Amino acid sequence: MPTEVIMPALGMAQETGKVVRWLRNEGDQVVKGEALLEIETDKVTVEIEAPADGTLAGVRVPEGAEVPVGTPVAVVLAAGETAAPVADPEPRVVREVEAVAAAPAGPAPRSRRRLASPKARRIAQELGVELDALTGSGPNGAVVAADVEAATPAADGGAFEVGSVWRVMAERTARSWQEVPQFVLRRDVDASRLESWRGSVRRHPGNEKVSHTDLLVKLCAEALRRHPRVNASWRDGAIAAGATINIGIAVATEDGLVVPVVHAADTLSLGAISARRREIAEAARAGRLRAEDVQGGTFTISNLGMYGVDAFQAIVNAPQAAILAVGRILERPVSLNGEVVSRPMLTLSLSLDHRVVDGARGAEFLDTLAGLVEEPAGLVT
Amino acid sequence: MPELTFAQAVNQALAEELRRDDTVFVIGEDVAEAGTPFKVLAGLVDEFGPERVLDSPISEPGITGLGVGAAVTGMRPVVDIMFGDFLTLVMDQLANQAAKTHYMSGGKLKVPLTLRTTMGATRRSAAQHSQSLHAWVAHVPGLKVVLPSTPADAKGLLKTAIRDDNPVVFIEDKMDYAVKGEVPDGEYTIPFGVADVKREGEDVTIVATSSMVRVALAAAEQLETEGISAEVIDPRTLVPLDRDALIASAEKTGRAIVVDEGHQSYGASAELAAVIAERAFYSLDAPVRRLGAMDVPVPFSPPLEDETVPTPETVAAAARQLCGRT
């Protein structure tokens, strides 16, 4: 009995999954547990592993197409089996899938394989270059690695290899930049009380690792509770309120930016926020984030203070309406009651989706947040 | 660092181990007064006496069997087999006794035997004194096989061989004995199973053993003038083999040549090439090439003999071909 490869549901509400790329091809021998294809939900890209040893067959969903979850996207045939019993992947309700419904079932007739070195084949697949389109300079016209590299529109220095995390980041930031009418509100706040708050919190056992980001998660959760309009999304011509306050934290990893989420941040103690933040940041850096770790965010904090950045404009993490960009805390001269004094100052930059939050509402939220940063008393838990 | 010849480095290693450990002794044909036909052991009998540097009758199976027995009963014999061609005579002692005893005694017996012998053609010694038969012994589980290529490696590896509790076949290329090289001062050993990158490069990996390392380095010099950067790797021990080093280099360069003086068919070069083909396959931009001795008895005629073994020219030609520069 052929073993079906099923488009899985990675989230509770997920209805479809998109085939990003096939890592193995029709007719390939595969081993149970090896990655067959990459799929993407609206949050993450994950690899789907072979459910059994055997020959990959029935590969019909093309790269880029979406299919309903639960749909078989291929089968793995054991020795002697044929692709005949494969269920046709109906119903195909989604987009490009219609176009391929006519594709022949079962393994395609074996065409003459283009001569190419193993390295050329591998990098062509990685770079998305069609071998058939290339002129081979190797023996008998075989394509070698240099031919693939020459055909790749790379800068003089060659190409940097990127993984799925980077591609998701690239796609999502580009889409936000193009589709979301975003603007930035900026405000300098006095961080003296934030600093002393952090100092006192860290004296409590178990809280030694509380960071500025943890404090800001706590304060943003409170500000969002008071301004639910910012904790919302533009969806189909209406503003959808977030059910809970789930704060994403931008985490830089070697593979690219990821935004794991502290769920229901307004209900968590500072210690719990800190523990969760450390857990997801570590998982992010180790590449171990689960789908549920990155789903459901309603607001994002990006802190580049540790890199010495004074202030910056973050790109709205659509479909969220707002992202807070946090700079470093630096002693600066400020004029206070006619006197120039030195204070630890912090610049908060709030990027907003104008379809959800206009300037005045955004300013009110930022004013609340600034007030909480400057007077965090009462939130200490 | 002092410069020593390969023969002096071997001599020094033996002298140091004879001094260090009373159970070490040397036995072989013409090893004492003559110091071997290659003068490798010259002077050892003067320092250590004829009871520790023993001239034997002409019976390779006999002295190897004596070595196995002495090793099992607590000595650390170094058996000298003048020509590697005579491995054929000692194969029963090596393959059926030395290699099996530890295993078949359930680990109760150890065979800390070192068998030194030679390999290599182009010495005008004809077909029965020119063979490189290291693949024969490398095929037998239980034997370690060492192929040093420099004086420094020879010294460090021979000391490791003598201290190893397993039978070790230590094979020196006759043509290397006069080659000089820097040898570190003082006491040192070199672990088995650690390859040495003799030259770093980017475009093609040349895995070479024994005297073929010199051939590969000369080829690399030539290739450099043509804009091809060759990396030369010496496994140093065939058993145990540093597979990871070969694979890492082949993955880096995408091209690999294996140069070994054994006959090319069914030889050590085949094993080394297979390791690379199996584990670095998706990084290879060209087939792995083997360069071994021609599959003929080594001719006595010098012009013909020279044709049978890899040379810097044939190695460089193979590298050019793999790099698409024909």
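## Helix H5 against helix H6 in chain A

In this predicted model, the axes of H5(A) and helix H6 (residues 270-285) of chain A approach within 9 Å and cross at roughly 120°; axes are lines fitted to C-alpha atoms, for helices over the stretch in contact, with angles from 0 to 180 degrees between N-to-C directions. H5(A) is therefore oblique to H6(A), oblique being what remains after under 35 degrees (roughly parallel), over 145 (roughly antiparallel) and 65 to 115 (roughly perpendicular).

A:Asp214, A:Leu215, A:Val217 and A:Lys218 of H5(A) contact A:Leu270, A:Ile273, A:Ser274 and A:Arg277 of H6(A), contact meaning heavy atoms within 4.5 Å. These residues comprise four nonpolar, one polar and three charged.

## Helix H5 against helix H8 in chain A

Helix H5 (residues 212-226) of chain A and helix H8 (residues 359-374) of chain A have axes that come within 9 Å and cross at roughly 140°. H5(A) and H8(A) are therefore oblique to each other.

From H5(A), the residues in contact include A:Leu216, A:Leu219 and A:Cys220, and from H8(A) they include A:Phe365, A:Thr368 and A:Leu369. By class, this contact has nine nonpolar, one polar and two charged residues.

## Chain B

Of the 326 residues of chain B, 56% are buried (under 20% relative accessible area, 1.4 Å probe, protein chains only). Among chain B contacts between residues at least 6 apart in sequence, 82% join residues at least 24 apart.

## Basis of the values

Residues are numbered from 1 along each chain as its sequence is written, and chains are lettered from A in the order written. Local features need pLDDT of at least 70 and side-chain atom pairs 80 or more, whereas totals for chains, interfaces and linings use all residues; side-chain values use heavy atoms, without hydrogens and water.

Note on methods
Helix = DSSP H or I, 4+ residues; strand = E, 2+ residues; numbered from the N terminus. Nonpolar A, V, L, I, M, F, W, Y, C, P; charged D, E, K, R; others polar. Buried < 20%, exposed > 50% of the residue type's maximum accessible area, 1.4 Å probe, protein only.
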